[in-house]
Amino acid sequence: MMKKSSSPARRALHAIAAAVGTFSLVLFVAPSSIHTLSAADPAAAGTTARRSLASFDTMVERSARQMMEEGRRIFRFDTFGDEVYWTDVLGLNRAVAGEKNGGVGAGVSPKAALELGLKVDMDALPADLVTRIKAGAVNLDDPATTLALIKLNAVVGVVGTTDTRGNVSRVGLTCAVCHSTVDDAFSPGIGHRLDGFGNRDLNVGAIVAATPGVGAIAKVLNVDLATVKKVLAAWGPGKFDAELDKDGKGFRPDGKTAATIIPNAFGLAGVNNHTWTGAWGNVTYWNAYVAATELKGKGTFYDPRLNDPKKYPVSARTGAWNTRGSPDMITSKLAALQFYQLAIPAPPAPAGTFDASAATRGRALFEGKARCAGCHVPPLFTEPGWNLHTAKEIGIDDFQASRSPDNRYRTAPLRGLWTYMKGAGPGATGRGFYHDGRFSDLEQVIRHYDRLFSLGLSETEVKDLAQYLRSL
Ligand code: HEC
Ligand code: HEC
């Protein structure tokens, strides 16, 4: 029996060893352990099995470290070849450079870039540049300075390719442009990277609208240029519409933008469904979706549910549901990218941003009288299992829910909520709560539930509950 199972086990060990680059080590260890395992002496077998397991543990740990580092690199710097879109189709590089630097228009100076919500990674700046910025000796009104920053890999989520003459000839975007911010340690918008924090300063719509190739989006959506510009202008800072190029819906029936808040991408381990509406798939599904169809990198994304001419007319027409970019620069990166994403914890609320004793009282309400914990199950703060609800269950309209495969909203995992509160810390801009930011503060969210579920919360209870939410 042992012999039978040892062969596939050895094959598996070899496969994993090859993957983490310790092939020769295992070739040496594995055959001897297999030999001993089939021997008669159970004590000896136990010892050797323990030893080979220990070496497998090392392999696992090494793999975890590699995935972590590789995933972080991908999250921050990998464009998946999306320069074909951001440079060749939209011409973002030309919009940044401006006419004076061989591009179009006024260009994007560092000041303008910061106003658009782009962030600068101070750790990528050489010491002498930091000194010169501090001394006011760097022209922050000149688009050429932005190009220099891109060359240094200092503009978070914007990656440049430098040509033989040293000019930034191509640019692409990474996950970090929307899902990282900085801690403002140097000055507003300039600091150390904070991966996973939704960048709710970033005005994606304004950036895209300023590109010379924006007409390409009108073509995809089968509308005129003015309509596309109207749609993009309505997004505003901190929002993006990840379904527009599938269902073509620019506005809700009430006339407001169909874009949603750019959410945090931390604290996601243990959470089943993702995005505001869920039912797409897990983190790796969504990563492939975004890399191939939103960033428009080169690679594979497949979901036949989106080949539905009624629900997803644009996707059905363009074939986005079955994207086969070649060469595939996405698929090989999904494992490490997912690993890194799941490793990013929700950041604890900064000290002094909530009242601890009120939060303790609020917790009792959350788990008791206010009945929040039934859906926001601690400590994940979403349901283990199928964490989705109809619009009716949470007392709101179903516009956004109906754009997702299951027509539901996902129970938002509440940790790190403080990052949505204006002034609560780095990256905390305050665009409101719920997928569209419809509630401007936590008290409003609680009062909504109070009415919906007839909870009978007093004003003090509302405040205590809000303090608890701030503490998560
Ligand atoms: C242009 C901005 C933008 C970029 C770039 C972007 N995202 Fe997102 N991301 C969003 C928005 C908006 C949502 C919410 C979508 C929705 O609910 O429809 C989202 C949702 C997510 C979620 C779900 C979070 C949750 O709470 O479940 C994950 C995970 C994620 N993005 C990862 C990534 C990764 C990885 C990349 C790079 C491949 C990426 N995103 C690139 C804007 C962006
Ligand atoms: C029936 C399940 C359910 C119950 C009960 C419930 N929630 Fe929610 N909650 C949700 C869903 C679903 C969302 C996502 C709404 C959206 O995406 O617009 C959400 C969103 C939120 C948000 C916004 C999170 C964000 O990222 O913007 C907060 C805050 C919140 N709930 C707090 C509470 C509190 C406090 C209670 C108790 C008074 C409660 N919830 C009860 C399902 C529930």
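Author: The loop between H17 and strand S11 (388-389) contains Pro379. The model is a predicted one, and what follows is read from it. The peptide bond that leads from Pro378 into Pro379 is cis, and its omega is near 0°. That loop between H17 and S11 also holds Phe381. Phe381 is not a glycine, yet its phi is positive, at about 65°. As background, most peptide bonds are trans, and most residues other than glycine have a negative phi.

A cis bond also occurs elsewhere in the chain. The peptide bond from Ser326 to Pro327 is cis, again with omega near 0°. Pro327 sits in a loop as well, the one between strand S10 (322-324) and H16.

H17 covers residues 356-367, and its axis comes within 7 Å of the axis of H19, the two crossing at roughly 100°. An angle of 65 to 115 degrees counts as roughly perpendicular, so H17 is roughly perpendicular to H19. On the H17 side, the contact is made by Ala358, Ala359, Arg361, Gly362, Arg363, Leu365 and Phe366. On the H19 side, the residues are Glu461, Lys463, Asp464, Leu465, Gln467, Tyr468 and Ser471. Sorted by class, this contact of H17 with H19 has 6 nonpolar, 3 polar and 5 charged residues.

H19 leads on to a ligand. Helix H19 (459-471) and helix H18 (442-452) each give at least two residues to the shell around ligand 2. H18 makes the largest contribution to this shell, with 4 residues. In total, 25 residues surround ligand 2, and the closest are Cys372, Cys375, Phe433, Tyr434 and Tyr449. The shell around ligand 2 divides into 18 nonpolar, 5 polar and 2 charged residues.

The other ligand can be described in the same terms. Ligand 1 has 26 residues around it, and those that come nearest are Cys175, Cys178, His274, Thr275 and Trp276. Two or more residues of this shell come from each of helix H9 (176-179), helix H14 (283-294) and helix H16 (334-343). H14 provides the largest share, 5 residues. H16 was mentioned above, as one end of the loop that holds Pro327. By class, the shell around ligand 1 contains 18 nonpolar, 7 polar and 1 charged residues. Domain 2 (78-261) and domain 3 (283-343) each supply at least three residues of the shell around ligand 1.

Strand S2 (residues 158-162) pairs with strand S3 (residues 168-173) in the antiparallel sense, over 5 bridges. Val158 has Leu173 of S3 as its bridge partner, and Gly160 stands opposite Val171 in S3. The hairpin of S2 and S3 has 5 residues between the strands, and Gly166 takes a positive phi near 85° there. Phe381, by contrast, has its positive phi although it is not a glycine.

Note on methods
Residues numbered from 1 in each chain as written. Chains lettered and ligands numbered in written order. Predicted model: local features only at pLDDT ≥ 70, side-chain atom pairs only at ≥ 80, totals over all residues. Near = placed C-beta within 6 Å. Nonpolar A, V, L, I, M, F, W, Y, C, P; charged D, E, K, R; others polar. Domains from an automatic or database assignment. Pairing = 2+ DSSP bridges. Axes fitted to C-alpha atoms, helices over the stretch in contact; angles between N-to-C directions. Parallel < 35°, antiparallel > 145°, perpendicular 65-115°, else oblique. Contact = placed C-beta atoms within 7 Å.
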